[in-house]
Amino acid sequence: MAHWLYKSEPFKWSWDQQVAAADKGTHWDGVRNHLAKQQLLAMKLGDRGFFYHSNEGKEIVGIVEVIREAYPDPSDPTGKFVMVDIKAVEPLKKPVSLAAIKAEPRLSEMALMKFSRLSVQPVTDAEWDIVLEMSRA
């Protein structure tokens, strides 16, 4: 299973809204970056990801799961971009802030540090475990 990070501005789509969508989940649309598109295409049913509040909060707040693999994004008039569907799995015991991630040397290579503007990012297994560990501390 691969791991991912989904960035969302809470005023546009928050963790609480994701949770409210329940098992039907929601689509992750509007991606217009080719690297992010490649990430979406690589996602498989059951893959898990972190839900990250960007701009406001700047913290990982929960875990989501891919419930539908990549399919055409109808909001893209060019037909080049795709979306996936995700559902909330569980909140983190304690949100993990961007400041805490930056302060953790073992996360210095995390995509969140190197590609901060990318809305969908891969997370390595080691990074996944470290963030979960931080959320329980």
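Modeller: Before we start, one term: a residue is buried under 20% relative accessible area, exposed over 50%, and partly exposed in between (1.4 Å probe, protein chains only). This is a predicted model, where local features need pLDDT of at least 70, side-chain atom pairs count only at pLDDT 80 or more, and totals for chains, interfaces and linings use all residues. Residues are numbered from 1 along each chain as its sequence is written, and side-chain values use heavy atoms, with hydrogens and water left out.

Colleague: Thanks! How many salt bridges are there in the whole structure?

Modeller: The search finds six. A salt bridge here is a side-chain nitrogen of Lys or Arg within 4 Å of a carboxyl oxygen of Asp or Glu.

Colleague: Is Asp73 buried or exposed?

Modeller: Asp73 is buried, at 3%, while Arg32 is partly exposed because its relative accessibility is 38%.

Colleague: New topic: which residue does Glu109 bridge to?

Modeller: Lys114, with the closest N and O atoms 2.9 Å apart. Glu109 is exposed at 55%, and Lys114 is partly exposed at 47%.

Colleague: And which residues do shared partners join into one network?

Modeller: Glu104, Arg106 and Glu133. Within it, the side chains of Arg106 and Glu133 meet at 3.0 Å, N to O.
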